[in-house]
Amino acid sequence: MNVKDQVIAIVAEQALLEPSDVTLDSTLDDLGIDSLGLVEAIFAIEETFDISVPFNANDPSESDFDISSVAKIIAGIEKLKAEQSS
């Protein structure tokens, strides 16, 4: 699975939806993910990709990691993974 598919699977699981119901433009609010679901999704993302999501990811002005949409979560993961490997 690539990063996109893994993130969609994690987000879909937290939203109790099928992966096909999750689009790149979906926001966590659109998907009905509450604050507890967000924390669980972030833990799953950290574990799956062996990264540490910044604690202020819910405030894009304060963090390079933006969780405002599925596409931005994917971009944030790819950036963190690239930084780790350099």
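At what angle do helix α1 and helix α2 pack, and how far apart are their axes? First, the ground rules. This is a predicted model, where local features need pLDDT of at least 70 and side-chain atom pairs count only at pLDDT 80 or more, while totals for chains, interfaces and linings use all residues. Residues are numbered from 1 along each chain as its sequence is written, and side-chain values use heavy atoms, with hydrogens and water left out.

Now the answer. Helix α1, residues 3–15, and helix α2, residues 35–49, pack at about 150°, and their axes are 9 Å apart. Helices here are DSSP runs of H or I with at least four residues, numbered from the N terminus. Axes are lines fitted to C-alpha atoms, for helices over the stretch in contact, and angles run from 0 to 180 degrees between N-to-C directions. That angle makes α1 roughly antiparallel to α2; the cut-offs are under 35 degrees for roughly parallel, over 145 for roughly antiparallel, 65 to 115 for roughly perpendicular, and oblique for the rest. The crossing of α1 and α2 is right-handed, the near helix being turned clockwise from the far one by less than a right angle.

Which residues meet there? On the α1 side they are V3, Q6, V7, I10 and Q14, and on the α2 side G37, E40, A41, A44, I45, T48 and F49. Contact means heavy atoms within 4.5 Å. By class, this contact has 7 nonpolar, 4 polar and 1 charged residues. In that scheme Ala, Val, Leu, Ile, Met, Phe, Trp, Tyr, Cys and Pro are nonpolar, Asp, Glu, Lys and Arg are charged, and the others, Gly among them, are polar.

Next, the other pair. Helix α3, residues 70–85, packs with α1 at about 125°, with the axes 10 Å apart. That makes α1 oblique to α3, and their crossing is right-handed. V3, K4, V7, I8 and V11 in α1 meet V70, I73, I74, I77 and E78 in α3. The residues of this contact divide into 8 nonpolar, no polar and 2 charged.

On to the core. The largest nonpolar core has 25 residues, and those with the most contacts inside it are V7, V11, I45, F49, V70, I73 and I77. Such a core is a set of buried Ala, Val, Leu, Ile, Met, Phe, Trp, Tyr and Cys residues joined through side-chain atoms within 4.5 Å. Buried means under 20% relative accessible area, exposed over 50%, and partly exposed in between, with a 1.4 Å probe and protein chains only. Among the elements, α1 gives the most to this core, with 7 residues.

What does V70 touch, beyond residues up to four places away in sequence? Its contacts are V7, I8, V11, V22, T23, L24, S26 and L31. S69 sits in the loop between α2 and α3. S69 is buried, at 10% relative accessible area, and beyond its neighbours within four places in sequence it contacts L24, D25, S26 and T27.

Last, the backbone. Most residues other than glycine have a negative phi. Phi of L16 is near 55°, a positive value. L16 lies in the loop between α1 and α2 and is exposed at 77% relative accessibility. D50 also has a positive phi, near 55°. D50 is in the loop between α2 and α3 and counts as exposed at 60%.

Technical notes:
Helices (H or I, at least four residues) and strands (E, at least two) are DSSP runs, numbered from the N terminus.
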